Amino acid sequence: MTMATADILDRALAGQDISPADGVTLLKQTAPDAIEAIRATADRLRQQQVGDTVTYIVNRNINYTNICEQHCSFCAFRRDQGQPGAYWLSWENILEKAAAAVTEGATEICMQGGLNPTAKVDGRSLAYYQKLVATIKDRFPRLHIHAFS
């Protein structure tokens with residue numbers, strides 16, 4: 001393990017922030033002793049911060065549309081408007097899915113969807129996405145929204 005790697009790990013254990021460059025240095029480590037030191041440091045930090053407590057959340061995905069104007073080479077999800085299998089959920093369908101998630105104990109909704117060029121409110125795309133979040137939050141204010149990755 002290099003001195004730079006050891007220094008970064010020591011600073012992290014001392015509660016100091018590490019820089020993005022420090023993070024890149026750690027990510028580039030390939031030597032088994034360096035990787036083990038990084039793992040051990042991460043485990044110690046986890047132990048200091050939360051002990052042996054393990055938590056999880058129950059979440060559900062709402063894929064509100066698969067209609068997308070982008071044609072990313074990796075995506076098998078998207079469809080063009082009018083293409084077989086293309087869909088765009090109504091506000092009622094979105095609320096039904098959110099209600100079903102809450103019934104099953106979900107505390108988070110993950111919202112994913114295509115870049116539908118007709119997804120607008122009053123001619124504005126941003127207004128559509130704001131309404132999408134507000135539609136769920138107004139009915140289920142305690143749900144955490146994880147959206148638009």
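Trainee: What order do the strands take in the open sheet, and what's the pairing?
Mentor: In this predicted model, the order is β1-β2-β3, with 3 strands in an open sheet and parallel pairing.

Trainee: Which strands stand at the edges?
Mentor: β1 and β3 (144-147) do; each has a single partner strand, so one side of each has no neighbour in the sheet.

Trainee: And how much twist is there from one strand to the next?
Mentor: On average 25°.

Trainee: OK, let's zoom in on β1 and β2. How many bridges join them?
Mentor: There are 6, between β1 (residues 59-65) and β2 (residues 108-113), and the two strands run parallel.

Trainee: How does the chain cross from β1 to β2?
Mentor: Through helix α4 (residues 91-103), as a right-handed β-α-β crossover.

Trainee: Where does α4 lie, and at what angle to β1?
Mentor: Across β1 and β2, running at about 170° to β1.

Trainee: Switching topic: how do α1 and α3 sit relative to each other?
Mentor: The axes of α1 (residues 3-13) and α3 (residues 32-50) come within 10 Å and cross at roughly 5°. That crossing angle makes α1 roughly parallel to α3.

Trainee: Which residues make the contact?
Mentor: From α1, Leu 9, Ala 12 and Leu 13; from α3, Ala 37, Ile 38, Thr 41, Arg 44, Leu 45 and Gln 48.

Trainee: And what's the split by class for α1 with α3?
Mentor: That contact has 6 nonpolar, 2 polar and 1 charged residues.

Trainee: Last one. What does UniProt list for residues 54-149?
Mentor: An unreviewed UniProt entry lists that span as "domain: Radical SAM core". In the model, residues 54-149 are 29% helix and 18% strand, and the end C-alpha atoms of the span lie 25 Å apart.

Terms used
Residues numbered from 1 in each chain as written. Predicted model: local features only at pLDDT ≥ 70, side-chain atom pairs only at ≥ 80, totals over all residues. Heavy atoms only, no water. Pairing = 2+ DSSP bridges. Helix = DSSP H or I, 4+ residues; strand = E, 2+ residues; numbered from the N terminus. Right-handed = clockwise from strand over helix to strand, strands pointing away. UniProt positions renumbered as here; feature names shortened; annotations may be inferred. Axes fitted to C-alpha atoms, helices over the stretch in contact; angles between N-to-C directions. Parallel < 35°, antiparallel > 145°, perpendicular 65-115°, else oblique. Contact = heavy atoms within 4.5 Å. Nonpolar A, V, L, I, M, F, W, Y, C, P; charged D, E, K, R; others polar.
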